[in-house]
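Me: I would be grateful for a close look at a single part of the structure shown below. Please treat it in one connected account, with its surroundings.

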Amino acid sequence: MSALLEAEEAFGSALPVVAGALAVAGAAVAVLPARVTARRELRRAWGTSLVAALLFFAALYPVDSPGPLLLPAVLGLIAVAEYAAVLRLGRGERVVLGVAAVLVPPLAYVAHVLSEDVRVGLRLPVLVLIACVLAAVLSGDPTRAAERAARTVFGVLWIPLALSGLLVLEGTAIAVVVAVAFGDLAAWCGGAVLARLGGGLALPLSRLSPDRTWAHVLAAGMGVAVGLGAVGGFTVTLWAAVLCGCVVGGLLGSALTREAGAKGTGTWLPGFGGLLDRLGSLLSALPLAMLVVL
């Protein structure tokens, strides 16, 4: 019962914050002058964000409905499909990733609830590892079997297992989602502005993504702090975990797409690309949040 009450309180705190942020952003985008070259792209991104927010909160309310259990599975199925397509994984690996997307989050939640039984916590990763290896080994591919196995294992860890945080973290998960959204938006809008100050802020963060600078990290840190503070979930450790997730997730997404020679993981989300492009920061922030919260 306490978990449901916590989730309801988090939902009630986050809803007006997100609605207000979308309203302000929508007004700002609506009055952009025609000379702004990115005006159309910004409007498309705002529209996508509005629809995503409506679907997210609709899935979470009421908190005792099946929606919260279905949300990680739906997000996971789409994300693993994009992941497998970008990395050109085989049919067996795609099946394993799809099954993991559906089963891993609820099983991880059960393992969390029954944490006193060590066997419950150990069986899940062992079974996942065996399934990932078997799919690659049985493919009969002598040149990429080990690579495909490794990428499948990583895909399960990075997507379904990370999304289990939406269940395991309960009410805190909503605060993490809001904070990631604020952090990504602040990095996108404020990073370029702060980089103009020069100095160390203008230095690239990594060769994986030369456009990302330390200014983007500073802006993301401020956005994450505002997001957590607005929903009443700010702690220094959670702020640090979410900020690291935003930074690492962005770089990891760039690494995967650059290695695959693709601009993104998809094109169906206007203003963003694929779902995995949009979820990159969250998929790194959720596991780090579980480390500091649980």
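The part in question is the helical region towards the end of the chain. Which residues of H10 are buried?

Reply: The buried residues of H10 are Ala-215, His-216, Val-217, Ala-219, Ala-220, Gly-221, Gly-223, Val-224, Gly-227 and Leu-228. This assignment, like every value below, comes from a predicted model. Helix H10 comprises residues 214-230, and its 17 residues reach 24 Å from the first C-alpha to the last, close to the 24 Å expected at 1.5 Å a residue. Gly-232 follows H10 and has a positive phi, near 70°.

The account continues with helix H11. Helix H11 covers residues 236-260, and at 1.5 Å a residue its 25 residues should span 36 Å; the C-alpha atoms at its ends are 36 Å apart, so the two values agree. H11, too, is followed by a glycine with positive phi: the residue is Gly-261, and the value is near 70°.

Setting aside residues up to four places away in sequence, Ser-254 touches Leu-208, Ser-209 and Arg-212. Glu-259 also belongs to H11, but with a relative accessible area of 55% it is exposed, the limit being over 50%. Leu-208, one of the residues touched by Ser-254, is 51 residues from Glu-259 in sequence, while their C-alpha atoms are 9.7 Å apart in space.

H11 also packs with H12. The axes of these two helices come within 7 Å and cross at roughly 140°, and the crossing is right-handed. On the H11 side, the contact is made by Thr-237, Leu-238, Ala-241, Val-242, Cys-244, Gly-245, Cys-246, Val-248, Gly-249, Gly-250 and Thr-257; H12 contributes Asp-277, Gly-280, Ser-281, Ser-284, Ala-285, Leu-288, Ala-289, Val-292 and Val-293. By class, the contact has 11 nonpolar, eight polar and one charged residues.

Thr-172 connects this pair to another helix. Thr-172 is placed in helix H9, residues 171-195, and at 16% relative accessibility it counts as buried. Apart from neighbours within four places in sequence, Thr-172 is in contact with Glu-6, Leu-238 and Val-293. Leu-238 and Val-293 are among the residues through which H11 and H12 meet. Glu-170 is partly exposed, with a relative accessible area of 25%.

H12 has a further partner in H3. Helix H3 (residues 67-86) and helix H12 (residues 275-293) pack at an angle of about 110°, with their axes 9 Å apart; H3 is therefore roughly perpendicular to H12. Their crossing is left-handed. Leu-75, Ile-78, Ala-79, Glu-82 and Tyr-83 in H3 meet Leu-275, Leu-276 and Leu-279 in H12. The residues of this contact divide into seven nonpolar, no polar and one charged.

The loop between H3 and helix H4 (91-113) holds Arg-88. Its phi is positive, near 55°, although the residue is not a glycine. Most residues other than glycine have a negative phi. At 53% relative accessibility, Arg-88 counts as exposed.

Notes: Residues are numbered from 1 along each chain as its sequence is written. This is a predicted model: local features need pLDDT of at least 70, side-chain atom pairs count only at pLDDT 80 or more; totals for chains, interfaces and linings use all residues. Side-chain values use heavy atoms; hydrogens and water are left out. Helices (H or I, at least four residues) and strands (E, at least two) are DSSP runs, numbered from the N terminus. The expected span of a helix is 1.5 Å times one less than its number of residues. Axes are lines fitted to C-alpha atoms, for helices over the stretch in contact, and angles run from 0 to 180 degrees between N-to-C directions. Angles under 35 degrees count as roughly parallel, over 145 as roughly antiparallel, 65 to 115 as roughly perpendicular and the rest as oblique. A crossing is left-handed if the near helix is turned anticlockwise from the far one by less than a right angle, and right-handed if clockwise. Contact means heavy atoms within 4.5 Å. Ala, Val, Leu, Ile, Met, Phe, Trp, Tyr, Cys and Pro count as nonpolar, Asp, Glu, Lys and Arg as charged, and the others, Gly among them, as polar. Buried means under 20% relative accessible area, exposed over 50%, partly exposed in between (1.4 Å probe, protein chains only).
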